[in-house]
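Let's walk through this one together, starting from a pair of residues and working out to the ligand. Have the viewer ready.

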Amino acid sequence: MSDKTSRHHVAFYLNGELTRVQGDDAFMMLAEWLRKRALRTGTKIVCAEGDCGACTILRAFEPTNSSKKPTFMSMNSCIATVAQMDGSHLVTVEGLEVNGELAPAQAAMRVCHGSQCGYCTPGFVMALSGALEVKTHLDRKTAANYTTGNLCRCTGYSPILDAAEKAKASETHNLSKRYLTNQNLQQLKKEIKLPVLLSDTQGRLFSAPMRLQDACKFCAKHKDTRMVAATTDLGVQTNKGRPLPKHLLSLQNIPELYEISTSKTSLVVGARASLSRLRKATEKRIPEFSKFLDLFASPQIKNVATLVGNLANASPIGDTIPFLLASDAVVHAAKFSAGKVIKRKIPITEFFLGYKKLSLKAGEFITAVEIPLTSQTTSIKLFKTSQRKDLDISAVSAALSIETSKSGDIKNAALAFGGIAATPVRIHKLETFLVGKPMTQKLLDRALDLLNDEIHPISDVRGTGAFRRVLVHQLFSKYIHEHFAMGGSA
Ligand SMILES: Cc1cc2nc3c(=O)[nH]c(=O)nc-3n(C[C@H](O)[C@H](O)[C@H](O)COP(=O)(O)OP(=O)(O)OC[C@H]3O[C@@H](n4cnc5c(N)ncnc54)[C@H](O)[C@@H]3O)c2cc1C
Ligand code: FES
Ligand code: FES
């Protein structure tokens, strides 16, 4: 399964058993593989789109350069391939009980009647068991947050939350203690020393090199390479019938790309850093963004999904993009040319060329996103408007940032909206108009007219163009009223 330079299989622990997978099986979606090959049928598949949580499993992973012990976190197994699990420790619902004794979340679900048809139950149990790895007990609100990504169609949520409140973490069932033993951690490190190159019978290749240089070379060799991050976008498309592209490149085995480094002036987020880690890393430095990420998807998605994936997916309603636009973020890209790695920095305002069209060149991919930190006199507010508060796609999102001078005049304005054009956009004319002026009701009225002229929102299933205009108007107005303490209703 290996030669001197590559490994043609991936390796991970599944419920404490070292597991190696190669060939066609490695290209399967993990939930399918768990059910059909590993016969762990407790993991259910309902939506196959990352929405319902029935396929939730727990994964513990740390890059090889990290000395931190990994923590088990929930993820959806229906939209990730087996290949992406290389170097992970996985636990399915079958791995929870100890000598026939149910784990705390399972026992509590039974006592509190948290299950009727039972189809969603393993998913809830896994999400709650993940929570009990880091908390000794759960209050209702915490349990509801951890299970945002789990849907139940018959029980109703009250008995499930009763069960969550009743369940207490138990030493006997602690998954880290049972499965992340020194022996398992060491053994897995030994197993994954070579870069991964997988192939299947349809001629597809999945490459997970260990050095940036080798990733760049793979892209240079295979011009049609598709980057793979956590596949929370790509996996949904695949399950909807769009086949996985022929050449897949994952940066999952390049440790430095998991880093989030901070300096006085910026935050550099590596291509593999998950949104959950980013949420934590921005808690103090960019609290508004950290809080905003609470509204992004579910824990299962955020525990794996990347900022870079959100950016490169280039959806007009990609929720992090207005923030990146308003922050004047810089995209770090790399490619192989003339025998070496060429690195390039692209200002985000030049990154989107049209609907899902990026300014990346052939063979070039993103290695990181640099987010400049704003001055203390700048106030940034982020908004997401959707029909449901949790786990819903935005109709309109916004990042509105204004810096005010000591005299009260507007010094800088960065106003970005998603959901109103083919790509998320900055409202440049309005920004220029505002600079150098003190905010008054008269100026706001004029600004709202200009804003109305500058946007051309489209109509789709999430709202008509007219509705989106109203949303944009209201969000801007609300922000200005709050920022300048203007009083009155927005
Ligand atoms: C249930 C559910 C809820 C969601 N909720 C939200 C939400 O609230 N808000 C929101 O904005 N999105 C949401 N999403 C979409 C998705 O989770 C995000 O866009 C996520 O950030 C994608 O990251 P990823 O790592 O999974 O990317 P992937 O799916 O792996 O990749 C996405 C795209 O980026 C490209 N790509 C990946 N890495 C690179 C790279 N290094 N260089 C160049 N291209 C690259 C891929 O080729 C692909 O085209 C949701 C998805 C699901 C399934
Ligand atoms: S099956 Fe619904 S989230 Fe995976
Ligand atoms: S118990 Fe039937 S879907 Fe939840």
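**A sheet and a ligand shell**

Start with His332, which stands opposite Lys345 in E13. Strand E12 (residues 330–337) pairs with E13 in the antiparallel sense over 8 bridges; strands here are DSSP runs of E, at least two residues long, numbered from the N terminus, and two of them pair if DSSP finds at least two bridges between them.

A note on what you're looking at: this is a predicted model, where local features need pLDDT of at least 70 and side-chain atom pairs count only at pLDDT 80 or more, while totals for chains, interfaces and linings use all residues. Residues are numbered from 1 along each chain as its sequence is written, chains are lettered from A and ligands numbered from 1 in the order in which they are written, and side-chain values use heavy atoms, with hydrogens and water left out.

Zooming out, the order E10-E11-E16-E12-E13 makes an open sheet of 5 strands with antiparallel pairing. E10 (260–262) and E13 (340–347) are at the edges with a single partner strand each, so one side of each is left without a neighbour in the sheet.

Now for ligand 1. It is surrounded by 31 residues, counted when a heavy atom lies within 4 Å of it; Met227 and Asp319 are among the closest.

Terms used. Helix = DSSP H or I, 4+ residues; strand = E, 2+ residues; numbered from the N terminus.
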